[in-house]
Amino acid sequence: PSLCHAHRHCARASSSAEMGGASSNTASAHTSALSQAQDCLAALAKPVGSLGELEAWAARLATLQRAEWVPSPKYPLGQPSASVSSPALLIFAADHGSLLAQPELSAFPRSSTQTIFRAIAAGGAASAVLAKANGATLELVDVGIDAVETAVVPAVAHVRVRVAKVARGCADSSKGPAMTHAQYTVALAEGAAAVRRALEGGCNVICVGELGLGNSTAAAAILCALGGGVAGPDEATGSGTGLDETARHVKVKFVRHALDTNRALILAEGPSGALRALGGFELVALAGAIIEAARRRVAVIIDGFIAGAAALAAVRIAPDAASACFISHTSAERGAARLCAQLVALGCSAPALALGLRLGEGTGALAVIGVLRSAAAIFEMITLEEAMQLADHRL
């Protein structure tokens, strides 16, 4: 059988012991809080459910932030509320060994990762511009760019740069695991540390994005390995940076080879093994950030296909992380719809947008900050009962 089907049981049996899972008491508290948030939304001055998925996002966000609810005679856990404060975008950047072996996997050279890294730091790249427009800070973390010096000084106030290089690019996953156990552990920890830094700055919503030529290939392989059989190499692998169909088929062949090469390791080690074998340092850091944010009950807005693949790995490793994941959009990448469907099935939010985005860098996540702010604002509405009282008073 294919790895996709052989790994289905392994993916479902992911152990929360790898990064820790919520206790049954915590899960019960989450369920109770979510129910109260939904009851609160149902009582507002509007037809029940008339704000659609925005209400689902509101309830999800409020439940994560239940420690901030103020006492209320109506609700045992407090008055449901939500907020978006000082959002932060974390971009993890790294290069991939796959492009050293097969440069044709990307329409651009491997050195483009460093070029774009510098453009973001200068404030001129899409992620920097959209972060400023949406009132977000941006931390750009080099966890594995193949360059000696990336410690550039940001040219704009809302961007910070951190060099935390695990190595100068991961290994070629078609020949063996993309990284060692030690490298995987360091990259995972760097992602968690970035979240802690953002929270120390007053952030209560994290956006996650990535940068790395060749990482759509890695993401496609992760979807095949951890998607429960929803996609094989051809269904999962898209054009990435703009490959034609001939080049895409080369990419499909590479994904199939990487899966075959690492089959035994993935079956033996489960989701973390799949991420270590097939991912890159930036994908592992993304997973670490998602798991850490969820552990701290902080909302995480997931960017497109590549960040979504990291989220899939994170949720397979730590299933409770799904409750913190807000899927920003359905990317234009070939496997994105299948990936989003799988994430939703695992407990993540439904995607907010479908705008044909496929840039990465966290741009889709930034575009959805306004959606999340709107969801939070719903709790400021008056209730239907209060609206009726106002009408009676005016009469």
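Arg297 sits in the loop that links helix H13 (281-295) to S5; helices (H or I, at least four residues) and strands (E, at least two) are DSSP runs, numbered from the N terminus. The model is a predicted one, with local features needing pLDDT of at least 70, side-chain atom pairs counting only at pLDDT 80 or more, and totals for chains, interfaces and linings using all residues. Residues are numbered from 1 along each chain as its sequence is written, and side-chain values use heavy atoms, with hydrogens and water left out.

Arg297 is not a glycine, yet its phi is positive, at about 55 degrees. Most residues other than glycine have a negative phi. With a relative accessibility of 31%, Arg297 counts as partly exposed; that label covers the range between buried (under 20% relative accessible area) and exposed (over 50%), using a 1.4 Å probe and protein chains only. Glu361 is another non-glycine residue with a positive phi, this time about 65 degrees. Its loop lies between helix H15 (336-345) and helix H16 (363-367). Glu361 is buried, at 6% relative accessible area.

Now to the sheet. Strand S4 (residues 205-211) is mostly covered, with seven of its seven residues buried. In a regular strand the side chains alternate between the two faces of the sheet. On S4, one side carries Val205, Cys207, Gly209 and Leu211, the other Ile206, Val208 and Glu210, and both faces are covered. S4 runs parallel to strand S1 (residues 88-94), and six bridges join the two; strands are taken to pair if DSSP finds at least two bridges between them. Within this pairing, Glu210 of S4 lies opposite Phe92. S4 also pairs with strand S5 (residues 299-302), again in the parallel sense, over four bridges. There, Ile206 faces Val300 of S5.

S1 pairs with S2 as well, in parallel and over seven bridges, and Ala93 has Asp142 of S2 as its bridge partner. S2 is largely enclosed by the rest of the structure, because seven of its eight residues are buried. S2 in turn runs parallel to S3, with five bridges between them, and Val141 stands opposite Arg162 in S3.

What about the nonpolar packing? A nonpolar core here is a set of buried Ala, Val, Leu, Ile, Met, Phe, Trp, Tyr and Cys residues joined through side-chain atoms within 4.5 Å. The largest such core has 77 residues, and Phe92, Leu275, Leu278 and Ile302 have the most contacts inside it. Helix H14 (residues 305-317) gives the most to this core, 11 residues in all. A second, separate core has 49 residues, including Leu64, Leu89, Ala125 and Ile301. Back at Phe92, the residues it touches, not counting those up to four places away in sequence, include Val141, Val143, Gly209, Leu211, Ala285 and Leu286; contact means heavy atoms within 4.5 Å.

Helix H6 (residues 112-121) ends with Ala121 among its residues, and its buried residues are Ser112, Thr113, Phe117, Ile120 and Ala121. The cover over them includes S1, helix H7 (126-133), strand S2 (137-144), strand S3 (159-163) and S4. Ala121 counts as buried at 2% relative accessibility. Leaving aside neighbours within four places in sequence, Ala121 is in contact with Leu140, Val152, Pro154, Ala155, Val156, Val159 and Val161. Ala121 and Leu138 are 17 residues apart in sequence, with 9.2 Å between their C-alpha atoms. After H6 comes Gly123, with a positive phi near 90 degrees.

Helix H11 (residues 245-261) has 17 residues and spans 24 Å from first C-alpha to last, close to the 24 Å expected at 1.5 Å a residue; the expected span is 1.5 Å times one less than the number of residues. The buried residues of H11 include Ala247, Lys251, Phe254, Val255 and Ala258. Thr246 and Lys253 are exposed, on the face turned away from the buried side. At the start of H11, a side-chain oxygen of Asp244 comes to within 3.2 Å of the backbone nitrogen of Thr246.

Ser216 is itself buried, with a relative accessible area of 11%.

How values were computed. A polar contact is a pair of N or O atoms within 3.5 Å; within protein, one must be able to donate a hydrogen and the other to accept it, and residues adjacent in sequence count only if both atoms are side-chain atoms.
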